[in-house]
Amino acid sequence: MTDPMAQIEALKTQWMTGSATPGTGPWPHLDELSRLALTGQYLRIATRPASAAKVTIAPEIPTLPLNPMPVAARPLFRRALAAKLVPATVVVGFVAARGFAVNPLDWTPARNEAGLPDVYAPWRDWLDGNTGAIGDAPLTAETWDDFPPHSRYHLLETLHANRPEDARALILQVAPTLAADQRLRMLGCLRARFGPEDVAVLEPFATDRSSKVQSFVRTQLARVGRVGETAPEALAELPDFIETMRAGILSRKQVVSARKLKTQAQRKRRGDILAQLTLKSVADQLGLSPDQVVERWDFGDATEDMISLVAATGTDDHVRAFARRVASQKAQPGPLLDRLSHETRRDIGLGLLPFDGWILDQTQLWITQPDGTVPMAMLQEGSSLRDLAGQFRIETGPAEERMLERALSFLGLLADREAAIALMDIFTEAGALAVDNRLSLLRLNTAL
Amino acid sequence: MLISLDLVEKAAPDQASLKAASKLMKSSKWPLLAVSEPLKHIWAECQGSGANPYRVIVDCSDRKSKCTCPSRKFPCKHALALMWLYAETPEAFTQAEPPDWVNEWMGRRKKTTAAPAADDDGPKEAKSIVMAKVAEPEKPVDAATLARREAAAKKRAADTQTAILGAMDDLETWIEDQLRTGLSALLGDLPGRCRAIAARMVDGKAGSLGGRIDQIPAAVMALPGEERLDGLISQLSKLVILARAYRAAPDAPDIRRAITSAESRDTVLEDKDALRINSRWEVAGERITTRRDDLISQETWLMNLRDQGPRFALLFDTFPIAMGKRSNAFASGEQFDAELVFYPGRSPLRAIIGDRQVCADEVPWPVTDLTPLADAARHETALPWSEIAPVLLPAGRIAMSNTDKPWWVAETGGLMLPVDLMPPVALTGMVLQKTAALWDGARLSILSAHTPWGRLALDD
């Protein structure tokens with residue numbers, strides 16, 4: 001008996017070209033339309049789409065070492081993301097700081113998504129298709145390749161915190177065998193708790209063939225006062241651009257300031273010169289200590305260059321001191337932010353709160369990952385809250401509306417839970433609806 | 001009191017709106033009436049003439065309203081009726097926390113505590129609730145007029161049947177022509193040729209069939225190239241079956257529905273023989289589709305969580321595109337107790353909601369069997385012209401083929417079905433413990449699923 005599928009395939013070919021011959025193929029005694037009807041039904045009921053030759057089933061998404069987000073908070077989280085008032089990773093970071101993991105049905109990161117909390121390393125690995133079983137095996141030079149990439153760097157940071165000698169030994173053994181970007185990442189695991197004992201790990205990489213690795217090593221060594229030699233030619237030109245002088249009519253304090261320049265070419269030269277110097281060499285040339293340069297810098301021209309200089313070559317103490325001055329002057333922190341710990345940035349940002357006005361833009365500059373821990377007492381200082389609440393009583397244009405959304409979102413992520421509840425009361429009394437989208441992050445805060 | 005009759009009169013755009021609202025002042029039309037006095041909002045669901053209810057919200061502080069009906073009047077008759085109901089019978093409203101769909105609207109509104117603008121009384125037309133309530137007297141009809149009307153109705157029905165039979169003849173002739181000239185030519189000009197024959201169907205009083213033919217190009221061209229011939233043959237074969245079914249049984253309700261138009265909601269409710277199933281239902285998913293015939297179709301798929309009656313039901317409405325964007329009538333995953341009244345047919349699926357009650361508890365999904373396509377095959381056998389069938393699948397995973405196409409794969413092995421759309425990446429890393437989906441013979445369209453991470457809805 002002829003295979004019916006083969007007959008049907010032949011009939012289909014005839015229909016395709018318009019060359020169907022009556023009386024041939026399956027059901028030859030029927031008219032053409034009846035054969036069409038039966039063919040269609042046969043294909044639907046007796047056959048199914050051919051299974052794919054090969055299918056891959058992904059491993060299950062790993063659970064994270066955090067509590068699952070409470071069910072009641074999930075719609076608030078989704079609404080907060082949908083409002084798009086802050087980047088998703090900032091909200092995710094806030095949720096992680098409260099000890100909760102996002103439900104992957106509500107959000108998963110894109111591959112290579114920047115700004116994701118380290119605790120999400122297993123999800124990064126899952127997205128990349130790297131899900132080697134970790135189990136209880138220790139992270140060593142021998143087991144390094146067994147661990148999924150993102151997870152192993154996260155584990156290395158934890159190892160550096162708990163057993164720094166083991167971490168250093170591991171880095172010295174494995175880093176030289178890695179490609180430049182992985183080498184940089186591995187060395188970067190020292191950053192969070194870098195100290196004098198880690199110098200010996202970094203020094204061998206000071207002349208690494210990768211300029212990014214070299215730059216990283218230089219910056220970290222500067223944290224502990226280990227700076228390299230300065231080009232004498234650059235130092236010789238310094239007085240053309242930076243000077244000390246007396247300022248103030250009454251106090252006549254000594255300040256360090258940039259000379260007034262006339263052309264863009266001169267300004268560029270100044271930047272090039274300072275990029276070749278260190279804070280210590282500048283201080284020596286001016287006859288001052290680095291501490292004195294930091295505390296006497298006159299914020300005006302060349303501030304950006306000076307910020308870069310301190311960020312690249314200052315110790316942690318210098319960087320912290322200069323950052324506080326930058327904040328009080330409302331200048332842009334630039335590369336200083338990368339040199340500061342999360343806690344220091346938080347302290348500096350909170351110090352600005354009473355004077356920052358209701359937009360809180362200066363505070364937001366410094367606290368780029370709010371962690372929901374600021375109590376009401378700190379938020380209540382100054383007139384910012386009162387002014388912010390007052391915005392609900394007036395008509396606002398698009399620009400003010402955008403600033404209001406940003407300020408409320410920031411507060412929503414900054415406040416601790418009790419403060420968030422108190423803020424909701426304040427704003428609803430001021431006229432906002434509790435379900436106002438602008439308060440979505442505050443509401444999420446109260447639910448976590 | 002959040003709102004008064006006086007304010008309702010002022011809010012009405014015109015007397016005609018008040019008259020229209022007065023016709024909605026029956027409690028049976030409002031399966032849900034709720035209020036939040038602290039927030040000064042009232043909201044409700046109103047059962048209109050369609051299968052899906054309208055969702056209505058009124059902010060009593062400024063009488064702004066939102067309704068999912070297609071009316072361009074603000075406030076529409078539903079919002080007016082809601083305000084009117086609250087003004088007259090506030091005790092009928094349940095004090096409640098606003099659900100998500102109310103919160104979303106409220107959250108988007110940017111309000112100040114400035115006093116609302118005075119209602120505009122419009123162009124001097126007097127508006128009166130009292131006059132709106134006055135029923136128009138029915139004019140008595142004499143026997144001769146009744147007889148004339150009946151005869152005219154019979155003639156219209158006969159003319160319609162003649163027109164439809166003519167349209168079926170033309171359809172079959174058209175299909176024969178396509179076979180004769182080659183389906184490759186048809187595939188090369190599918191939208192244009194389908195548009196032409198669809199228009200002929202509409203002219204021949206076969207409006208539903210015309211709309212269906214208009215959707216064929218999108219359905220076929222969505223398939224990969226190597227599957228399009230089979231897809232086209234499947235579509236054409238169903239048209240032939242439907243045309244011949246009509247000739248054999250022109251009065252069969254499910255055939256008429258597929259060719260001309262569906263019965264009205266009232267007709268279905270008044271049919272004493274219609275299948276009525278009282279059960280717990282869950283909204284498995286919604287699909288809102290823009291069609292080529294300038295209509296938007298709104299499908300709400302309900303799953304029967306108990307064992308009596310059909311496993312699935314479909315609430316189906318269409319709206320002109322000009323009426324604007326549609327909103328979901330329900331939240332996916334919402335459960336309620338309801339009596340569903342099914343449109344008559346061989347394999348009941350399309351239904352309307354009779355009575356409905358909100359419920360506080362949650363009932364789990366039913367047990368699945370290992371032959372999930374058996375129900376789809378039974379539905380296809382009963383209605384061989386049907387295009388899709390709902391299915392409840394057992395545990396499975398979403399797998400990716402080596403050509404990056406998604407497949408649903410049964411955990412026990414054996415059954416593999418291609419999925420129509422690329423799912424969210426997270427879904428590939430989850431066990432789908434149970435899945436509600438639609439199967440069209442070639443592709444699975446996932447509506448919702450239970451996973452270890454919770455319930456997933458793919459129509460969000």
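User: What should I know about the model and its numbering before I start?

Analyst: The model is predicted, so local features need pLDDT of at least 70 and side-chain atom pairs count only at pLDDT 80 or more, while totals for chains, interfaces and linings use all residues. Residues are numbered from 1 along each chain as its sequence is written, chains are lettered from A and ligands numbered from 1 in the order in which they are written, and side-chain values use heavy atoms, with hydrogens and water left out.

User: How many salt bridges cross the interface of chain B and chain A?

Analyst: A salt bridge is a side-chain nitrogen of Lys or Arg within 4 Å of a carboxyl oxygen of Asp or Glu, and by this rule there are 4 across the interface. One of the salt bridges joins Asp100(B) and Arg79(A), whose closest N and O atoms are 3.1 Å apart.

User: Which strands form the open sheet of 4 strands?

Analyst: Strands are DSSP runs of at least two residues (E), numbered from the N terminus, and two strands pair if DSSP finds at least two bridges between them. The order here is E1(A)-E12(B)-E13(B)-E14(B), with antiparallel pairing, and the edge strands, each pairing on one side only, are E1 of chain A and E14 of chain B. E1 (residues 55-56) of chain A pairs with E12(B) over 2 bridges, with Val55(A) opposite Ser401(B). Further along, E13 (residues 406-410) of chain B pairs with E14(B) over 3 bridges, where Val409(B) has Met416(B) as its bridge partner.

User: Is Gln335(B) buried or exposed?

Analyst: Buried means under 20% relative accessible area, exposed over 50%, and partly exposed in between (1.4 Å probe, protein chains only); Gln335(B) counts as buried because its relative accessibility is 8%. Gln335(B) lies in strand E9 (residues 335-342) of chain B, and the residues it touches, not counting those up to four places away in sequence, include Trp281(B), Leu305(B) and Cys359(B).

How values were computed. Contact = heavy atoms within 4.5 Å.
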